[in-house]
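Here is a friendly walk through one protein model, written to be read with the structure open beside you. Please take a look at it first.

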Amino acid sequence: MERLWESQDYDNQRIALATNGSMLVIARQNVQNPADAGLWVAPKGVDPRPLGIKADQFIVGPNGNFLAVTQEGGVGLIPLTPNAGAPQFLEAIEQALDFSPNGKELLLTQQNPDFSHSLVIYDLQDRTQREILRGPYPLLSCRFDPRSQPRAYCLQADFIQREGEPVQPEPYLAVINLTNGQVRPLLALPNYPEVDLTIAPDGLGLMFDQVATGPSMGSHDLLTNSQRSIVDGRVWLLPLPGDLAMETDADPDPQELTAGFAPRWMP
């Protein structure tokens, strides 16, 4: 293990690493002055420098050229290298979900004037966007198939209201053909509103977690993104099909791997 930076002055809270390892983006907060918080960038082998941008949600492109940051009113695209061009701002975009494996496209969610939600692909070179599908509920998460096939694996949600209970999101995993917008639900995930998914670099498998939560009871609790305490967790593996014939693929057969949460693949 190699220690990169100390934490006496700044609390290093979240990181995003380019797939090729060339760029690291860190969300940091000054331990003496909480108002001094924002994103820092560190090219490989270089100490981090502040970007002057505050953000809770951000992803970095696979080649380290671009940073996509969710901001008020849209998503900002911040160039991180001299050849990446000028900054861009995409209005009315809710969230940046994932960069394509070659770093040329970006999956986004967009809220429309009729309160529906769209899955959109944005071309970073042509600066054009294309709507893939539209529905009543936002997508929770999406990942490109790393095998450069025109599809994505997404967490979507139906909102269910049972008698005597508040409305609750019920997520499910689906595969989406990015050419024609065809959606095939793969796996229902009831009773687990917060799910973290990650796809193997070779595209042969997908891991996701299912966590049981409760109110936070102390400063040492493990927390979800909604700041609820994790009391139990299970990690599952789902083998992925190798072609786009989604209507003929067999039903998925997830395998429970281990206790835990927030799984990640080694390169």
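## The aromatic pair

A search of the whole structure turns up one aromatic pair; rings of Phe, Tyr and Trp (its six-membered ring) count as a pair if their centres lie within 6.5 Å. The rings of Tyr-10 and Trp-40 have centres 4.9 Å apart and planes at 65 degrees, so the pair is edge-to-face. As for the classes, planes under 30 degrees apart count as stacked, over 60 as edge-to-face and the rest as tilted.

This pair links distant parts of the chain: Tyr-10 lies in strand β1 and Trp-40 in strand β3 (residues 37-43), 30 residues apart. Strands here are DSSP runs (E, at least two residues), numbered from the N terminus. Are the two residues buried or exposed? Tyr-10 is buried at a relative accessible area of 16%, and Trp-40 is buried at 13%. Buried means under 20% relative accessible area, exposed over 50% and partly exposed in between (1.4 Å probe, protein chains only).

## How to read the model

This is a predicted model, in which local features need pLDDT of at least 70 and side-chain atom pairs count only at pLDDT 80 or more, while totals for chains, interfaces and linings use all residues. Residues are numbered from 1 along each chain as its sequence is written, and side-chain values use heavy atoms, with hydrogens and water left out.

## Salt bridges

How many salt bridges does the structure hold? There are seven, each defined as a side-chain nitrogen of Lys or Arg within 4 Å of a carboxyl oxygen of Asp or Glu. One of them joins the side chains of Asp-56 and Arg-14, at 3.5 Å from N to O. The partners are 42 residues apart: Asp-56 sits in the loop between β4 (49-50) and β5 (58-60), and Arg-14 in strand β1 (residues 10-17). Asp-56 counts as exposed at 62% relative accessibility, whereas Arg-14 is partly exposed at 33%.

Another salt bridge brings together the side chains of Arg-264 and Asp-196, at 3.2 Å from N to O. Here too distant parts of the chain are linked, with Arg-264 in the segment after β20 (255-259) and Asp-196 in the loop between β16 and β17 (197-199), 68 residues apart. Arg-264 is exposed, with a relative accessible area of 54%.

There is also a network of salt bridges, which links Asp-114, Glu-131 and Arg-134. Within it, the closest N and O atoms of Glu-131 and Arg-134 are 3.0 Å apart. Glu-131 is partly exposed at 40%, and Arg-134 is partly exposed at 47%.

## A four-stranded sheet

Now to an open sheet of four strands, ordered β13-β14-β15-β16 with antiparallel pairing; two strands pair if DSSP finds at least two bridges between them. Its edge strands, β13 (141-144) and β16 (183-188), each pair on one side only. Neighbouring strands of this sheet are turned by 30 degrees against each other on average, direction ignored; the axes are lines fitted to C-alpha atoms, and angles run from 0 to 180 degrees between N-to-C directions.

Strands β14 (residues 151-160) and β15 (residues 168-177) pair over ten bridges in the antiparallel sense. Asp-158 has Glu-170 in β15 as its bridge partner.

## A nonpolar patch

Strand β14 also holds Phe-159, which is partly exposed at 34% relative accessibility. Together with Tyr-137 and Val-167, Phe-159 makes a nonpolar surface patch of about 250 Å². Such patches consist of residues with over 30% relative accessible area and no salt bridge, with like charges joined within 9 Å and nonpolar side chains (Val, Leu, Ile, Met, Phe, Trp, Tyr) within 5 Å. The accessible areas come from the Shrake-Rupley method with a 1.4 Å probe, and for residues only the protein chains shown count as cover.
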